[in-house]
Amino acid sequence: MGKKTIQVSDFTGQVLSPDDEVVKVVVLEHPDLVAGPVQLDATPVDVESIDDAALDVAVVEIHDRHGHGEPRRVVLTASEFDSMATDVPMAQLLRTAERVKPPKARRATEKIDYGTIEHAGRPHRGRVTEEEARLVREHLDEVNKRLADAGIRQVDPADPEHAARYGFPVAG
């Protein structure tokens, strides 16, 4: 017995022949993305209208004045953002504004405590402590809001991997 693998367009479900050109579409951000970027297969025809539908957007971070907590990330149309500049045109403002320095590299000795509400639920390679799992379960809405505001995947109790990691009951 053998296996035959067929490739289909994720957008249309159309079966693709081995001779068909396939393009990969990586979805970096979308309101329904839970666990980070995903890859979709498509034909060039499937995605030819993407450039026409593209929006000119501004992506901004809003930091509170004391620098506490995670900044809020906001996406808005470039024209909406441009209209906020009433004294000087936005293009001029952006050319003359103070440049942001890249964040300093974190020292290897600096450890993040995921057992605090500030960091609980953030993706990490280490073992989830009972304290982190408890915080995520008891403050799920707050944790997910913080993760979403930071542009990070949210914790989904219905996801078997997340349920096991944070001790949510598994539907059965």
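What does valine 75 count as by its relative accessibility, and why?

Tutor: Valine 75 counts as partly exposed because its relative accessibility is 47%, and that class lies between buried (under 20% relative accessible area) and exposed (over 50%), with a 1.4 Å probe and protein chains only. The model is predicted, so local features need pLDDT of at least 70 and side-chain atom pairs pLDDT 80 or more, while totals for chains, interfaces and linings use all residues. Residues are numbered from 1 along each chain, and side-chain values use heavy atoms, without hydrogens or water.

Valine 75 is placed in strand 6 (strands are DSSP runs of E with at least two residues, helices runs of H or I with at least four, numbered from the N terminus). Together with Leu55, Val57 and Val59, Val75 forms a nonpolar patch on the surface, and the four have about 360 Å² of accessible area together. Such a patch joins nonpolar side chains within 5 Å, from residues with over 30% relative accessible area and no salt bridge (Lys or Arg side-chain nitrogen within 4 Å of an Asp or Glu carboxyl oxygen); areas are Shrake-Rupley values with a 1.4 Å probe.

Strand 6, residues 72–77, also supplies at least two residues of the lining of the largest pocket, as does helix 6, residues 140–149. A pocket here is an open set of points on a 1 Å grid where a 1.4 Å probe fits, with protein on both sides within 12 Å along at least five of seven lines, and lining residues have an atom within 4 Å of a point. The largest pocket has a volume of about 410 Å³, the space filled by probe spheres on its points. Its lining has 19 residues, with Glu29, His30, Ala148, Gly151 and Ile152 nearest the centre. Eleven of the lining residues are nonpolar, four polar and four charged; Asp, Glu, Lys and Arg count as charged, and Gly is among the polar ones.

The second largest pocket has a volume of about 200 Å³. Among the residues that line this second pocket are Val60, Phe81 and Glu98. Helix 4, residues 90–96, gives the most to that lining, with three residues.

Proline 18, in the loop between strand 2 and strand 3, counts as exposed at 85% relative accessibility. Alanine 133, in helix 5, is buried, with a relative accessible area of 4%.

Terms used:
Patches are made of residues with over 30% relative accessible area and no salt bridge: like charges are joined within 9 Å, nonpolar side chains (Val, Leu, Ile, Met, Phe, Trp, Tyr) within 5 Å.
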